[in-house]
Structures are given as C-alpha cells and as structure tokens.
Amino acid sequence: MKTFNGNNGIMDMFEKGKILKICAPMVRYSKLAFRSLVRKYNCDICFTPMIVAADFMRSVKARDSEFTTSERDRPLIVQFAAHDAQTLADAACVVAPFSDGVDLNCGCPQRWAMSAGYGACLINKPELVKDMVRHVRNQVDNPNYTVSIKIRIHKDLRRTVDLCQKAESAGVSWITVHGRMTEERHQPVHWDAIKTIKDSISVPVIANGDIKYLRDVESAHQLTGVDGRFVFNKKMTLQWTAVALFLYMEIGIIVILCLPFISARRWQSIFQLRIWSCMAMFWNKVFLTMIIILIVLFLDAVREVRKYSGKDHGTDAKLQPNMFDHLHMKLFRAQRNLYISGFAVFLWLVMKRVITLINQLASVSGTTAALQVQADSANRTAKKYMEDNELLKQTLMKGKGDKATSEGMELLRKEVEKLKEELKTAEDALKKSQSEADVMKTQTDGLAREYDRLLKEHQELQNLQDSGSKKDD
C-alpha cells in the first residue's frame, strides 16, 4: 500500500486532471478498521466520523473512544462539529500531530446537530465559519496542515457563494459541497450549483452527494467541471440486499414445499416437530411484521419510481445531457427495488397459503385413511356375520323338533340384535367421518378460491406496473 509523506502536505495531492477518491465521514462507520479497509482499494483520503469538538476537549474518555489512528492511516482528515472558534482550534491542535487536516461540518442536517448550533445551521452564519477557519489557521503550527469545510447549499445560491468566498478569504484549504439543501434528503443533487460555486472561488472544490459507484465520479466531473476532486461516499443499500436474499429464500422454500416425492402427511409430521411448536407461538407476529416491512419498502420503491420518472427530471436531462444516464440508472434501480419488494410480498403470502394448504391436505388424507380403515373393518365384520348366518342356517336345517327350532331361533335373534347394534355404531362413525370430510372439502375449496384471487390480483398489479413503465418510457 502506498504511504503518504506528511511533509509535502495534503494539498500536493490535488494535481490538475487527477480525480481524488475520498471516503466521506460516515457515522459509526469511518473508524480506523473501516478506513484501513478502504485504503486497500485505492482510496486517496479518509475522513473520521464527525466528532463534537466540545465533548472531545472536555473528556479524555471521549478522546480515546472517538479518535484512534495508526502510522499507516494517512492521509487523514478529522471532522469536527463546533460552534465556537477557540474550541475548534484547541481540538485541531490536539489532533494535529496525528492527522493531516481538520474539517468543519457545516452540512449535517440532523435535528439534534442543528438545535445544538452544529452542522447545516452554520451555512447561515458565514462570519462565524470564517472566524473558526481563521482561528485554526493561526493556532496550528504546521503550515501544511489543512483546514476545510463541508457545506450544503442555500435556496438562494448567492448566499452559498458568499459563504465560500468568505471561507476562502480566511484561508480555507478546500470546500466540500453536498449538492442538496438542508431540507432535502433523497432528491437529485444540484450539480449546477456545485459548478457555480467552483467557478466562483479559486480553492479546490470537492463534490459530494449521490456518488455511490466509481462510474458516478466521471459523470459528476462532467456535470460540475470541478478539478477532479470528489468525495467517494459509498453507501451500501443493505435493506434491498436483505430483501433480495429474503426473496430468494422464499423461492427456495416454496420449491422445496412443492417437491412431488414428499407427501403432505410427511410435511405435517415435520411441522409437528418440537422446534416448530416453539416457533408457532411467534409465527403470527413474525408474519405480520414482515408484511408491514415489505409493504413499507414497496411503497418507498413506488415513491422512488415516481420521483425519477417525473417530467421535471426529463426536462433537466434535456438541458444537461450528461445527467440522463445518471437519472436513468436511478430509475432502473428504483424499478428493480419495486419488483423485488412486490414479489417478496406476494411470495410471502403464497408461502403461508401453501403451508396452510399442505396442513389441510394432510388432515384430509388422514381422515380419508381413517375412513378406509373403518370401511375395511365394516367389510370384515359383514363377512363374519354372513359366515355366522350361514352356520346358523345349517344348524337349523340339521336340528329336529321344536326344541331345536326354538334354540336356533333364539340364537339367531341374539345375533341379529348384536349385528344391528354394531351396524348402528359403524353407521354413526361413518356419518361423523363424512361430515368431517365435507367440512375439510369446503375449507379446501375456499383456500383454492383465495389462492386464485391472489394470483389474479398479482397479475393485475404486474400488468398495471408494466403499463405504467411503458407510459413513462
């Protein structure tokens, strides 16, 4: 891995025509271990997570936990949140021997930060920002030590330009511009605003926002015209990766459940294992929770599709042709997420229905087997009684006199009564089994109709989405 010579200064890395890949400060992620990892993949400069300067100076424990580094962790920029010039300067002096620069966060839009006077609220206080930059410049002895700021843009871009020019006059080394306003979160980045800021100042400008892949770097460079200095802010969409894996898991489970050589009764015996009995008490809660999560993700994907397929974005793409591929990729990802979440919801419902049908089919099979056993028993009993009846007839034929006839008739009467009682018992059991079979058949027919309805609704939803996508194209 390449090493960094701190004596030359980090500003020497800003060569004309060279694109710097900078790992932006990310909360809880940009620690030493993560920085060491991204440096193995040709990351030029790394930032620490945002550190509150006042807490950093107040507590030794905070300093030990918030800031850790190593000899190979260079070049390194320490980002602070501050609203007092002297506090920021003191914090910069503490970390200066172990880093190559400090960055003042003027772009964090979180409520807690803005309510405490940190982050994005500082873009409305250009004189304070200028004063903080000047204090760090004057109090850090190393002339090669950098002082930078990270900002968001105003609705009135002239105020942002004024802020940048004042920071430049105070000696700021470079300015990172997140091309969104404070109230914006997932809206497209205003690349034209970054370009205007770059054209208004002479210090290097780093573009930030929606740069998730290396291919986005060149696109952003063409849109803004900056000196090839970009923040490489890679945020993995873990939720969609998890949803995709969940979708594949659903497909695998449904395929396994539908294997023809595993009978429904075998599945029922598997479902009756102790482990499934323990899980059954949580099944309904898990099912409803997953339905809610998947529906929320589905609605979020619908919102993304509508956002990136709007007419306004199409107009912007015509005015700036280089933006077309960027917006088209965003729309493609949103549509992909829409299909993933939609099919995940559908297959989750289908999987539950398939498991229910398997249990119902196993119950019907069990009832049918019981009925078959009862029918076989009835046939054997009838055969036995026929044999006994034939034996009685032979006895009567062989008997002589009234005594033999009366004995035979008495024996025949007892056997007939016994046969009637057993026949009545068998008939009651048969009626009960038949009633249970009718109930199970009714439930099975209802489940089949419900399954057909779900398939029909899914087909209509898919047709509606396809027609919507064609209309947007």
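Predicted model: local features only at pLDDT ≥ 70, side-chain atom pairs only at ≥ 80, totals over all residues.
A crossing of two helices is right-handed if the near helix is turned clockwise from the far one by less than a right angle, and left-handed if the near helix is turned anticlockwise.

## Overall composition

The protein chain contains 15 helices and 9 strands. It has 473 residues, of which 39% count as buried. Among contacts in the protein chain with a separation of 6 or more, 73% are accounted for by residues 24 or more positions apart.

Two packed helices are described by the angle between their axes and the distance between the axes.

Helix α6, residues 126–139, packs with α7 at an angle of about 25 degrees, and the two axes are 8 Å apart. This angle makes α6 roughly parallel to α7, since angles under 35 degrees are placed in that category. The crossing of α6 and α7 is right-handed. On the α6 side the contact is made by P126, E127, V129, K130 and V133, and on the α7 side by D162, L163, K166, A167 and S169. Sorted by class, the contact of α6 with α7 comprises 5 nonpolar, 1 polar and 4 charged residues.

Helix α7 passes α8 in a right-handed crossing. In this contact, L157, T160, V161, C164 and Q165 of α7 meet A193, T196, I197 and S200 of α8. By class, the contact of α7 with α8 has 5 nonpolar and 4 polar residues, with no charged residues.

## Buried sides of helices

An α-helix has 3.6 residues a turn, so residues three or four places apart point the same way.

In α8, the buried residues are W191, A193, I194, I197 and K198. They lie on the same side of α8, because the arc that they cover around the axis is only 160 degrees. Two of these residues, A193 and I197, are also named in the contact of α8 with α7.

In helix α11, residues 264–271, burial is found for A264, W267 and Q268. Their arc around the axis is only 100 degrees, which puts them on the same side of α11.

In α1, the buried residues are R35, V38 and R39. These residues cover an arc of only 105 degrees around the axis and therefore lie on the same side of α1. The elements that cover the buried residues of α1 include β1, β2 and β4.

## Individual residues

The accessibility of four residues is listed below.

| Residue | Relative accessible area | Class |
|---|---|---|
| L20 | 1% | buried |
| N337 | 10% | buried |
| R266 | 53% | exposed |
| N42 | 54% | exposed |

L20 belongs to strand β1, residues 20–23. Along the sequence, L20 and C43 are 23 residues apart, and their C-alpha atoms are 7.9 Å apart in space. L20 counts as buried because its relative accessibility, 1%, falls under the 20% cut-off.

N337 is part of helix α14, which covers residues 323–398. When residues up to four places away in sequence are not counted, N337 touches W240 and A301.

R266 is found in helix α11. It counts as exposed, at 53% relative accessibility, whereas A264, W267 and Q268 of α11 are buried. The C-alpha atoms of R266 and I358 are separated by 9.8 Å, although the two residues are 92 residues apart along the chain.

## Backbone features in loops

N42 lies in the loop between α1 (32–39) and β2 (45–47). Its phi is near 65 degrees, a positive value in a residue other than glycine. N42 is exposed, with a relative accessible area of 54%.

P75 lies in the loop between α3 (60–66) and β4 (76–81). The peptide bond that joins R74 and P75 is cis, with omega of about -5 degrees.

Technical notes
Residues numbered from 1 in each chain as written. Heavy atoms only, no water. Helix = DSSP H or I, 4+ residues; strand = E, 2+ residues; numbered from the N terminus. Contact = heavy atoms within 4.5 Å. Nonpolar A, V, L, I, M, F, W, Y, C, P; charged D, E, K, R; others polar. Buried < 20%, exposed > 50% of the residue type's maximum accessible area, 1.4 Å probe, protein only. Arc of directions from axis to C-beta. Axes fitted to C-alpha atoms, helices over the stretch in contact; angles between N-to-C directions. Parallel < 35°, antiparallel > 145°, perpendicular 65-115°, else oblique.
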